[in-house]
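Subject: Structure for you, with notes

Hello,

The structure you asked for is below. My notes on what was found in it follow.

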Amino acid sequence: MTHDLFRQDAYLRECSAHITAITDAGIVLDQTVFYPLGGGQAGDSGVLALADGTEIAIADTRKGKDADGKPTSDIVHVPAPGQDDRLAQLAAGTAVMARIDWERRHRMMRLHTTSHLLCHVVPQLVNGCSITPDYARLDFAMTDPLDKDQLTAAIATLVTAAHPLTVASISDEELDANPTLVKSMSVQPPRGTGRIRTIRIGGDGGDGGTPLIDLQPCGGTHVANTAEIGAIVVTKIEKKSATTRRVVLGFAQ
């Protein structure tokens, strides 16, 4: 089992850890700041630094799977190719410093949070998404046309308003009682622990308080305030099918 430190603090850039297993898929640690591919968000890259200064380049991060292909609680750090001599130094119990490519991660945090703002601007179900360091893509289940400039302006207003973001959780029963919190048709919140992680942008929507912008289950990494997002633009809108409109987000040049 890998303790996922990034769930509670997405700003952790590194952590000390010990190798618990080395498999054909990659390197498993007892704890990590590396986010594994999931929920539409790409896996982190970075390095694992040994005590003697040797660094193992990590090209990707994935969720572990058992012999039957079922997900486990391990997080697998996938080494970049061409490091056989360095990998030969590793063994279970080896101490490492796990260090993410922070600039790459932070770009994904900014785009992922923007995708939640877009869910507020376009209040339709999402039937596909992708969060990368360079762009974010959301496919909305809808038939009405969308306007790039209008969406860009609406997102900019929410960014400038500096809405705070809160990481919390709800019970399975609370989610069952509020099924509209799930905005995605293609990715369902993970169950099994009794609690489901949520991302709230804005306040609780109560009288006199900060307005609620978005609330939905999400396991990804996000910025702490929308002001941190910076300038984002809608770069493309596509009609993917009769019932799907794709919106692509990118960084303003």
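The sulfur of Cys119 has its closest cysteine sulfur in Cys129, at 8.4 Å, which is too far for a bond. A disulfide here is a pair of cysteine sulfur atoms within 2.5 Å, and by this rule the count is zero. Cys119 is buried, with a relative accessible area of 9%, whereas Cys129 is partly exposed at 26%. Buried means under 20% relative accessible area, exposed means over 50%, and partly exposed is in between, with a 1.4 Å probe and protein chains only.

Some ground rules for reading the rest. This is a predicted model, in which local features need pLDDT of at least 70 and side-chain atom pairs count only at pLDDT 80 or more, while totals for chains, interfaces and linings use all residues. Residues are numbered from 1 along each chain as its sequence is written, and side-chain values use heavy atoms, with hydrogens and water left out.

Strands and helices are DSSP runs numbered from the N terminus (helices H or I, at least four residues; strands E, at least two). Two strands pair if DSSP finds at least two bridges between them.

An open sheet is formed by three strands in the order S11-S12-S13, with antiparallel pairing. Its edge strands are S11 (165-171) and S13 (212-217), each of which pairs on one side only. From one strand to the next the twist averages 25 degrees. S11 is joined to S12 (residues 195-202) by seven bridges, and Val167 stands opposite Ile199 in S12. Helix H2 (residues 102-121) lies across S11, S12 and S13 and runs at about 115 degrees to S13. For such angles, axes are lines fitted to C-alpha atoms, for helices over the stretch in contact, and the values run from 0 to 180 degrees between N-to-C directions.

Ser171 lies in strand S11 and is buried, with a relative accessible area of 12%. Ser171 and Ile196 are 25 residues apart in sequence, yet 6.0 Å apart in space, C-alpha to C-alpha. Setting aside neighbours within four places in sequence, Ser171 is in contact with Gly194 and Arg195, contact meaning heavy atoms within 4.5 Å.

Strand S5 (residues 46-49) pairs with two strands described here. Four bridges join S5 to S6 (residues 55-65), and the two run antiparallel; Gly46 has Ile58 as its bridge partner in S6. S5 and S6 make a hairpin with five residues between them, and Gly53 in the turn has a positive phi of about 95 degrees. S5 also pairs with S8 (residues 95-100), again antiparallel and over four bridges, with Ala49 opposite Met97 in S8.

On packing: a nonpolar core is a set of buried Ala, Val, Leu, Ile, Met, Phe, Trp, Tyr and Cys residues joined through side-chain atoms within 4.5 Å. The largest has 48 residues, and those with the most contacts inside it are Leu29, Leu48, Leu118, Phe140 and Leu249. H2 gives the largest share of this core, seven residues. Apart from that core lies another, of six residues, among them Leu181, Val182, Ile196 and Leu215. Beyond its neighbours within four places in sequence, Leu249 is in contact with residues including Leu111, Leu118, Tyr135, Ile155 and Val233.

Regards
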